[in-house]
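Please view the sequence and the model alongside the text.

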Amino acid sequence: MASKGAMAPEPSTRPAPPDPWGVVLALAVVGAWGGHLAWLLAGPALPWASPLPWLHVLLQMWLSTGLFITGHDAMHGTVSLHRRVNAAVGMLACFLFAGLSYRRLVVNHRAHHVDPTGEHDPDFAARGRAFWPWFAAFMVRYTTWLQIAVMALKFNVLLWLGVPQARILAFWVLPSVLATVQLFYFGTYLPHRRPETEGMAPHHARSLPRNHLWALLSCFFFGYHWEHHQSPGTPWWRLWRVKDARR
């Protein structure tokens, strides 16, 4: 296993500064997530016996993943040159995703980038090589009573608006849970799991093999995780360029 500090960190790839596309794409993801969810909750009934509603569940899962990745980009200041715009987008995306505290996420995510897989990395479970124990520790660390209260309030508001409970569970709760597993698997477990190899240096992170379509569909290019640590100021929609440059 490669030891920490065995290699000096390479200079981070210099990202292009945020441009108007950052805000446009962020709003497009938020809008697609919200519009699709609204249609699923209030639109025509879909036959549960057919594959159609479950395909919509997968699409909503993918959009939910994109919603969090949008918040993640805001944490790195890659949505807009204006800090207030970044913060506003980040707060909105994280709140819509699961009632998450954007400010708390910023603090923890900075700690992760300072010392990935280290003693003070809040995302890493040193004893958790297995997926589910690590995921459980991750969820316990990040879930708060306030978040649970916010999600319960959202659920009851939807019920009060007359949305059938089956639709809420299938089209809002289930995609959110699946997206959480997806984000953890591609953004934490796969990149940082042990044993560590030389190819993970100096960021203690591995990356998906180059396949831009799969990288987009699996986790909005977040599986190109070595590249993200190499250039944290590069937004998700440009990470494929960092991957190509690494070749």
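## Cysteines

C219 counts as buried, at 0% relative accessibility, where buried means under 20% relative accessible area, exposed means over 50% and partly exposed lies in between, calculated with a 1.4 Å probe on protein chains only. C94 is likewise buried, with a relative accessible area of 0%.

How many disulfides does the structure hold? It holds zero disulfides, a disulfide being a pair of cysteine sulfur atoms within 2.5 Å. The cysteine sulfur closest to that of C94 is in C219, and at 14 Å it is too far for a bond.

## Basis and confidence of the model

The model is a predicted one, in which local features need a pLDDT of at least 70 and side-chain atom pairs count only at pLDDT 80 or more, while totals for chains, interfaces and linings use all residues. Residues are numbered from 1 along each chain as its sequence is written, and side-chain values use heavy atoms, with hydrogens and water left out.

The protein chain has a mean pLDDT of 91, and 91% of its residues reach 70 or more; pLDDT is the predictor's confidence in each residue, from 0 to 100. Over residues 1–12, however, the pLDDT is below 50, and this stretch has 19 contacts in the model beyond near neighbours in sequence, a contact meaning heavy atoms within 4.5 Å. Where pLDDT is low, the predicted coordinates should not be read in detail.

## The buried face of helix α10

Helix α10 spans residues 239–246, and its buried residues are L239, V242 and K243. Viewed down the axis of α10, these buried residues fall within an arc of 100°, so they line one face of the helix; the arc is taken from the directions from the helix axis to the C-beta atoms. Helices here are DSSP runs (H or I, at least four residues), as are strands (E, at least two), and they are numbered from the N terminus.

What covers the buried residues of α10? The cover includes α8 (212–219) and α9 (225–230).

Side chains of opposite charge can pair when their charged atoms come close. A search of the whole structure finds four salt bridges, each defined as a side-chain nitrogen of Lys or Arg within 4 Å of a carboxyl oxygen of Asp or Glu. One of them joins R210 and D244, whose closest N and O atoms are 2.6 Å apart. Because R210 lies in the loop between α7 (165–192) and α8 while D244 is in helix α10, this pair ties together parts that are 34 residues apart in sequence. R210 is partly exposed, with a relative accessible area of 42%, and D244 is partly exposed as well, at 26%.

E227, K243 and R246 are linked in a network of salt bridges. E227 meets K243 at 3.5 Å, N to O; E227 lies in helix α9 and K243 in helix α10, so the pair ties together parts that are 16 residues apart in sequence. E227 also forms a salt bridge with R246, with the closest N and O atoms 3.2 Å apart, and this pair, from helix α9 to helix α10, ties together parts that are 19 residues apart in sequence.
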